[in-house]
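Work through the exercises below with the sequence and the model at hand. Each task is followed by a solution in steps.

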Amino acid sequence: MIGISAKIFIAATVSAGLSLPAAALATEVPAVSGESTPLSVGETRRSLRLRNGDQVPQTGKRLDQNTLEVVREDGCTSARAVDDIYGPNLYWRDCSKGAWGTGKAYDFEKAGQLWPLAVGNKVEYRFVTENSKGKKNRKAFRKCEVTGTETVKAGDKDYPTYRVECSEHNGKRVFNYSPEARTTVRMVRNHKKNGTTTVEYLRDL
């Protein structure tokens, strides 16, 4: 683990509409998580994820000092800023049906800082999104907070994690980041139109 371990006693809360199991027991994680990606520039990491019940391999690559790109073998490619992997995607391609399955985000305004993760950290983004047909949403936002720690199961293994809850213009998300695995081991997204997506980390490939 990165940093100094500390037991943080927090009763984990569950956001409205998100049916994640929560643990109200002590969870041992580092007091501060460390950086959001362990990858150096040019380095890749291939892993297997369970996405809504389907096993989907994906490869993460740090393109440069500031950008992490993730390519899923179901065809979706997306990129995000290295300093906050839970911030909005910078771009995405072929990630769902319709015009919004491909797009980009820009004109970011940021307040606060999530990483390195520590309980109580908050961040808020305001930005513009644009889809493949040029339609823009100028009121896009995402607000995230590290609300506590909890142990979650992913791939038949229990992981002590930080719990990060986010609200955004099109729904809600919960991320569980494991310092041990150095990755998000569970993510649940509730999209206002597209319903619920659940992703679990299974193993590195």
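**Exercise 1.** Which residues does valine 164 touch, not counting residues up to four places away in sequence?

*Solution.* Some ground rules come before the count. This is a predicted model, in which local features need pLDDT of at least 70 and side-chain atom pairs count only at pLDDT 80 or more, while totals for chains, interfaces and linings use all residues. Residues are numbered from 1 along each chain as its sequence is written, and side-chain values use heavy atoms, with hydrogens and water left out.

Step 1. Apply the contact cut-off: heavy atoms within 4.5 Å.
Step 2. Leave out residues up to four places away in sequence; valine 164 then touches Tyr86, Leu114, Leu117, Cys144, Glu145, Val146, Arg173, Val174 and Phe175.

**Exercise 2.** Find the residues of the largest nonpolar core that touch the most other members.

*Solution.* Step 1. A nonpolar core is a set of buried Ala, Val, Leu, Ile, Met, Phe, Trp, Tyr and Cys residues joined through side-chain atoms within 4.5 Å. Buried means under 20% relative accessible area, exposed over 50%, and partly exposed in between (1.4 Å probe, protein chains only).
Step 1. The largest core has 24 residues, and Tyr86, Leu114, Trp115, Leu117 and Val164 touch the most other members.
Step 2. Strands S9 (122-131), S10, S11 and S12 (171-178) each give two or more residues to this core. Strands here are DSSP runs (E, at least two residues), numbered from the N terminus.
Step 3. A second, separate core has six residues, among them Val152, Ala181, Val185 and Tyr201.

**Exercise 3.** Locate the disulfides and state how the cysteines pair.

*Solution.* Step 1. With the criterion of a pair of cysteine sulfur atoms within 2.5 Å, the structure holds two disulfides.
Step 1. Cysteine 144 is joined to cysteine 166, S to S 2.1 Å. Cysteine 144 lies in strand S10 (residues 136-154) and cysteine 166 in strand S11 (residues 157-168), so this pair ties together parts 22 residues apart in sequence.
Step 2. The sulfur atoms of cysteine 76 and cysteine 95 are 1.9 Å apart. Cysteine 76 lies in the loop between strands S5 (67-72) and S6 (77-81), and cysteine 95 in the loop between strands S7 (91-93) and S8 (103-112), so the pair ties together parts 19 residues apart in sequence.
Step 3. In sequence order of the bonded cysteines, the pairing is 1-2, 3-4.

**Exercise 4.** Is cysteine 95 buried or partly exposed?

*Solution.* Step 1. Cysteine 95 has 25% relative accessibility and counts as partly exposed.

Key:
Helix = DSSP H or I, 4+ residues; strand = E, 2+ residues; numbered from the N terminus.
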